[in-house]
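Let me put the structure up and then we'll walk through some packing and some charges.

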Amino acid sequence: MTELLPPGTMHDLVDQAVSRAAGRSWTLQDLDWTGLRPEALTDVDRSAVRFITLVEDHIPGYLAHFLQAFPMAGAELELERFGFNREYFRFLVAWASDEERHAAALTRYQVETAMATREELWRELAEEGRKEFTIPYAHPLQSFTYTLVQEKATQLFYQRFRETVSEPFLRDLLGRLARDEARHFAFYSSLVGAYLARDGAKAVPGLKDVIASFRMPLADTMTGYWRWSLKVADAASYDHTEAYEALVRLVRGFVDEPGEPSVADLGDFVHAIRSVR
């Protein structure tokens with residue numbers, strides 16, 4: 001299976017994503033910091049905010065991984081691969097700006113609501129932030145599939161968490177975060193869809209490998225991740241495996257081979273994985 005999409009296809013997909021980002025951006029100055037009502041926060045709210053701040057603040061690690069996986073320096077790089085990576089870089093810059101804004105907003109929110117002092121928060125974020133982030137996929141399609149699921153799962157969490165929150169500022173912030181993550185998901189959905197349109201059912205085994213080994217970011221590096229994430233997820237009635245269904249719908253929409261076994265059993269495969277978690 002060919003790793004790279006045609007340069008024109010990648011260029012057009014990135015153009016659409018970058019244009020959407022420019023038209024829907026927001027800043028910390030757009031937020032009504034005078035409207036904070038920290039007394040409306042529950043202990044669970046505070047715990048969840050601390051958790052998602054750690055996840056969002058890891059953006060230098062996420063970006064470092066993708067820049068290494070899709071390099072843009074080295075005379076040995078084929079021109080086609082450099083061109084592909086260069087187009088993807090345009091999206092990564094816009095995406096990293098979104099995620100850095102998320103981290104900055106959540107960090108300031110913690111300080112403004114007295115969850116932590118700047119010094120305490122700096123140390124907590126640095127402790128986790130210096131840990132390396134990697135995902136174990138060599139093929140670009142698998143890397144993009146992982147990110148598609150992760151972005152959808154994060155979007156769903158912010159939406160669910162927002163439904164449980166009473167503090168008005170946090171509700172507004174979570175809505176903004178969810179919309180950004182939905183936009184990121186839309187890009188990866190289009191990107192994976194382009195591979196599926198080109199490769200058909202041949203792409204499906206690689207997607208199944210991603211689902212079978214999927215872990216949310218920092219699951220294997222953050223101290224106390226599983227206990228903390230389960231507590232937060234329970235409070236928000238959230239299950240990250242719901243995001244797998246978005247991939248199933250995408251495959252069914254792009255692969256015009258309904259009788260192909262590898263396509264037909266993808267839904268059953270995802271259902272079986274979800275049922276044991």
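This is a predicted model: local features need pLDDT of at least 70, side-chain atom pairs count only at pLDDT 80 or more; totals for chains, interfaces and linings use all residues.

Let's start with helix H2, residues 43-56, and helix H9, residues 225-236. At what angle do the axes of H2 and H9 cross? Roughly 125 degrees, and the axes come within 10 Å. The cut-off for roughly antiparallel is over 145 degrees and the perpendicular band stops at 115, so H2 counts as oblique to H9. As for handedness, the H2 and H9 crossing is left-handed.

Now, who is touching whom? On the H2 side you have Val-44, Ser-47, Ala-48, Arg-50, Phe-51 and Leu-54. Facing them from H9 are Tyr-225, Trp-228, Ser-229, Val-232 and Ala-235. Sorted by class, that H2 and H9 contact has eight nonpolar residues, two polar and one charged.

Stay on H9 for a second, and bring in helix H6, residues 140-164. The axes of H6 and H9 come within 8 Å, and they cross at roughly 60 degrees. That makes this pair oblique as well. From H6 the contact uses Phe-157, Arg-160, Phe-161 and Thr-164, and from H9 it uses Val-232, Ala-235 and Ala-236. The class count for H6 with H9 is five nonpolar, one polar and one charged.

H6 has another partner to show you, which is helix H10, residues 244-254. Here the packing angle is about 125 degrees, with the axes 8 Å apart. So H6 is oblique to H10, and this crossing is right-handed. The H6 residues in the contact are Thr-145, Leu-148, Val-149 and Lys-152. They meet Tyr-244, Ala-246, Leu-247 and Leu-250 of H10. By class you get six nonpolar, one polar and one charged.

Right, on to the charges.

Arg-101 forms a salt bridge with Asp-98, with the closest N and O atoms 2.8 Å apart. Both sit in helix H4, residues 79-112, and because they are three residues apart, about one helical turn separates them. Are they buried or exposed? Arg-101 is buried, and Asp-98 is too.

Asp-98 also has a salt bridge to Arg-183, this time at 3.0 Å, N to O. Arg-183 belongs to helix H7, residues 168-199, while Asp-98 is in H4, so this pair ties together parts that are 85 residues apart in sequence. Arg-183 and Asp-98 are both buried. And the story keeps going: through shared partners, salt bridges join Asp-98, Arg-101, Asp-180 and Arg-183 into one network.

For contrast, have a look at Glu-78 and Arg-81. Their side chains meet in a salt bridge at 3.5 Å, N to O. Glu-78 has 44% relative accessibility, so it counts as partly exposed. Arg-81 is at 24%, which also counts as partly exposed.

So, if you want one thing to click on first, go for the network of Asp-98, Arg-101, Asp-180 and Arg-183. That's it from me, thanks.

Note on methods
Residues are numbered from 1 along each chain as its sequence is written. Side-chain values use heavy atoms; hydrogens and water are left out. Axes are lines fitted to C-alpha atoms, for helices over the stretch in contact, and angles run from 0 to 180 degrees between N-to-C directions. Helices (H or I, at least four residues) and strands (E, at least two) are DSSP runs, numbered from the N terminus. Angles under 35 degrees count as roughly parallel, over 145 as roughly antiparallel, 65 to 115 as roughly perpendicular and the rest as oblique. A crossing is left-handed if the near helix is turned anticlockwise from the far one by less than a right angle, and right-handed if clockwise. Contact means heavy atoms within 4.5 Å. Ala, Val, Leu, Ile, Met, Phe, Trp, Tyr, Cys and Pro count as nonpolar, Asp, Glu, Lys and Arg as charged, and the others, Gly among them, as polar. A salt bridge is a side-chain nitrogen of Lys or Arg within 4 Å of a carboxyl oxygen of Asp or Glu. Buried means under 20% relative accessible area, exposed over 50%, partly exposed in between (1.4 Å probe, protein chains only).
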